[in-house]
Amino acid sequence: MDILLHYCGNHINFYEGELESLLKMINIETRSYSIIIDETDRKNPFIILKLYRNYDNNCRNKHFQVVKWILSRSVLIKCAYEVIAQAEKEVELLKQLKLSLKDDNKLSMFNNPCDFCVDVFAVGHRISQCDKVRHIESLNFLPMNGKVNLLNPGIRYSWIEYYNTNNICKQLYFCV
């Protein structure tokens, strides 16, 4: 399970240290996770925490409990998302999303009959309303069964774009 951690502030040098300390506090072994940081872009506010599965049915719930605990203790993490797909280009992201529908665990995230909302936002850049609508419309192949509820959705999908200081889109994420 890949968790996208969105950090706040400019305390980049402390992101990894804080996360490792929190994982040690709850006795998560270093072989059961990995931390992915973009070393080429030190202004990137995102870190991916990979939590490895043990193939038991309660593993996903245990991972969510770990992430909730980390969020409750962290000073620097703004929010966390479960990554469904990630890519550098929009076409690649959509292709990965289509591939993810073959995974029963990820497919169940879309077959849920509860109300939903799709947020589109960027970090380091402003997205026009037209582009936001275009991104949402490009997701028409996803089997979302519930009604759209912008105020109080049961599940919130997020299309996240990260732009570096040169205004170049470096990474796209589709998350829950």
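Helices here are DSSP runs of H or I with at least four residues, and strands are runs of E with at least two, numbered from the N terminus. On that basis, the elements of the protein run β-α-β-β-α-β-α-α-β-α-β-β from the N terminus on. The count comes to five helices and seven strands. The model is a predicted one.

**Overall form**
- The protein has a radius of gyration of 16 Å, which agrees with the value near 16 Å for a compact globule because the chain has 176 residues.
- Its C-alpha trace spans about 45 × 40 × 30 Å along the principal axes.

**Burial, contacts and surface**
- Of the 176 residues in the protein, 41% are buried.
- Among contacts with a separation of 6 or more, 69% are between residues 24 or more positions apart.
- The protein has an accessible surface of about 10300 Å², and carbon and sulfur atoms account for 50% of that surface.

**Helix H1**
- Helix H1 covers residues 12-25, a run of 14 residues.
- From first C-alpha to last, H1 reaches 21 Å, close to the 20 Å expected at 1.5 Å a residue.
- Ile 12, Tyr 15, Glu 18, Leu 19, Leu 22 and Leu 23 are the buried residues of H1.
- An α-helix has 3.6 residues a turn, so residues three or four places apart point the same way.
- Exposed residues on the other side of H1 are Asn 13, Phe 14, Lys 24 and Met 25.
- Asn 27, which follows H1, has a positive phi near 60°.

Methods: Residues are numbered from 1 along each chain as its sequence is written. This is a predicted model: local features need pLDDT of at least 70, side-chain atom pairs count only at pLDDT 80 or more; totals for chains, interfaces and linings use all residues. Side-chain values use heavy atoms; hydrogens and water are left out. The expected span of a helix is 1.5 Å times one less than its number of residues. Buried means under 20% relative accessible area, exposed over 50%, partly exposed in between (1.4 Å probe, protein chains only). The radius of gyration is taken over C-alpha atoms; the globule rule is 2.2 Å times the number of residues to the power 0.38. Contact means heavy atoms within 4.5 Å. Accessible areas come from the Shrake-Rupley method with a 1.4 Å probe; for residues, only the protein chains shown count as cover.
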